[in-house]
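Please find below my note on the model.

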Amino acid sequence: MTDTSTNALFIITSATNAPYPARQPGQTDNTQFEALLATVNSISTHAPEARIAVVEYSAYPLTAAQHDTLIQHVDYLMD
């Protein structure tokens, strides 16, 4: 198998701040964002040379804090 991690581009679609009618037990406002960061971190761990793009399409934009945190970990961010 050929190692393509140096040419790989992972595109993650996300709706981090999408309004949901009800939260699951134990779910917080940051649960979806934490899951997104976990996905990004997993890609970075398993394909360290790959580029990562996040396409955020929630009805509500990322907060400034979410944006600032995420932009440090991805190559492309479309919000």
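The numbered points below cover basis, layout, sheet, core and surface.

1. Basis. This is a predicted model, in which local features need pLDDT of at least 70 and side-chain atom pairs count only at pLDDT 80 or more, while totals for chains, interfaces and linings use all residues. Residues are numbered from 1 along each chain as its sequence is written, and side-chain values use heavy atoms, with hydrogens and water left out.

2. Layout. The chain holds two helices and three strands, arranged β-α-β-α-β from the N terminus on. Helices (H or I, at least four residues) and strands (E, at least two) are DSSP runs, numbered from the N terminus. Of the 79 residues in the chain, 29% are buried, meaning under 20% relative accessible area; exposed is over 50% and partly exposed lies in between (1.4 Å probe, protein chains only).

3. The three strands make an open, parallel sheet in the order 1-2-3, where pairing requires at least two DSSP bridges between two strands. Strand 1 and strand 3 are the edges; each has a single partner strand, so one side of each lacks a neighbour in the sheet. Neighbouring strands are turned by 15° against each other on average, direction ignored; axes are lines fitted to C-alpha atoms, for helices over the stretch in contact, and angles run from 0 to 180 degrees between N-to-C directions.

4. Strand pairing. Six bridges connect strand 1 and strand 2 in the parallel sense, and three join strand 2 (residues 51-56) to strand 3, also parallel. V55 in strand 2 stands opposite T13 and has M78 in strand 3 as a bridge partner. V54 has L77 as its bridge partner in strand 3.

5. Core. The largest nonpolar core has twelve residues, among them I12, F33, I52, V54 and L77. Such a core is a set of buried Ala, Val, Leu, Ile, Met, Phe, Trp, Tyr and Cys residues joined through side-chain atoms within 4.5 Å. Helix 1 (31-46) and strand 2 are the elements that give two or more residues to this core, and helix 1 gives the most, with five residues.

6. Surface. L9, I11, Y76 and M78 form a nonpolar surface patch of about 390 Å². Strand 1 (9-14) and strand 3 (76-78) each give two or more residues to the patch. Patch residues have over 30% relative accessible area and no salt bridge, with nonpolar side chains (Val, Leu, Ile, Met, Phe, Trp, Tyr) joined within 5 Å and like charges within 9 Å; areas follow the Shrake-Rupley method with a 1.4 Å probe, and for residues only the protein chains shown count as cover. A salt bridge is a side-chain nitrogen of Lys or Arg within 4 Å of a carboxyl oxygen of Asp or Glu. L9, in strand 1, counts as partly exposed because its relative accessibility is 40%.
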